[in-house]
Amino acid sequence: MARARQERAENTRQAILDGAAAAFDRCGFEGTSLSDVVRHAGVTKGALYFHFPSKEALARTLMEEQFQVAEGLSAPEDRGLQTVIDLTHRMAHALRTSVRVRAGVRLVIEFGSFTDPDPFSYNTWIDTCRSCLGPAQATGDVHPALDVHDLATFIVGSFTGIQVTSHVRTGREDLHTRVTDLWSYLLSAITPAPRIPLHDPAGSSDCRSGLALPAPRPAAIG
């Protein structure tokens, strides 16, 4: 009996998060009311308040869910430059397929731009990228003169701008192409020339297979 109650409560919580994500993704934080969330989720306000005391608590939960994209990364000693490339494609895929990730990222941008600036999400992604770039530099895949923290900050900022531009221009239909472009341009600046062919800007074969992405475009000739 207790187990069944717990399962029902968890199902309700997930329904609330799905409903909130749909509402936030469409209308943003300020444009969404708790009544909107209740309507999208198909629950009562009492059920909503049982799980989340406020609209901001809902938003914070969704903002944190984006970090699930980074779950399953290889052990720190096995990470490298391709790990970061693949991670950006995984995030691009999540933005295109998961309303929760889209809502969470929209909320991060809104909270950072229009309310009290909160760098937590950006700093978390920067730290994640840096945890891969450090080993990459140690193995010679990143120029030794580069500051990996500054490079991680640049990558996170560049991805943020690219995904927003892609959303506005194409509804993120071209996001993987734009991410591939980012790495195609960036590799020549951060990686010694002999090491560049070891990395695939379009994502590793395992990454593309796992995300069901098409084969990368052939390189231009001439």
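Modeller: A definition comes first: Ala, Val, Leu, Ile, Met, Phe, Trp, Tyr, Cys and Pro count as nonpolar, Asp, Glu, Lys and Arg as charged, and the others, Gly among them, as polar. This is a predicted model, in which local features need pLDDT of at least 70 and side-chain atom pairs count only at pLDDT 80 or more, while totals for chains, interfaces and linings use all residues. Residues are numbered from 1 along each chain as its sequence is written, and side-chain values use heavy atoms, with hydrogens and water left out.

Biologist: What is the volume of the largest cavity?

Modeller: About 250 Å³. A cavity is a set of points on a 1 Å grid over the protein atoms alone where a 1.4 Å probe fits but cannot get out, and its lining residues have an atom within 4 Å of a point. The volume is the space filled by probe spheres set on the points, which are joined across faces, edges and corners. The structure holds one cavity of 30 Å³ or more.

Biologist: Which residues lie nearest its centre?

Modeller: Met 91, Trp 125, Val 156, Phe 159 and Thr 160, out of 16 lining residues. By class, the lining has eleven nonpolar, five polar and no charged residues.

Biologist: Which helices supply at least two residues of that lining?

Modeller: H5 (81-97), H6 (99-114), H7 (120-138) and H8 (148-170) each do. The largest share, five residues, comes from H8. Helices here are DSSP runs (H or I, at least four residues), numbered from the N terminus.

Biologist: On to charges. How many salt bridges does the count come to?

Modeller: The count is 14, a salt bridge being a side-chain nitrogen of Lys or Arg within 4 Å of a carboxyl oxygen of Asp or Glu. In helix H6, Glu 110 and Arg 106 are four residues apart, about one turn of the helix, and their side chains meet at 2.8 Å, N to O.

Biologist: Is Glu 110 buried or exposed?

Modeller: Glu 110 is buried at 15% relative accessibility, whereas Arg 106 is partly exposed at 30%. Buried means under 20% relative accessible area, exposed over 50%, and partly exposed in between (1.4 Å probe, protein chains only).

Biologist: Which residue does Asp 141 form a salt bridge with?

Modeller: Its partner is Arg 195, with the closest N and O atoms 2.6 Å apart. Asp 141 lies in the loop between H7 and H8 and Arg 195 in the loop between H9 (175-190) and H10 (205-211), so the pair ties together parts 54 residues apart in sequence. Asp 141 is buried, with a relative accessible area of 8%.

Notes:
1 Å grid on protein atoms, 1.4 Å probe; cavity = no way out; pocket = protein on both sides within 12 Å on 5 of 7 lines; lining within 4 Å.
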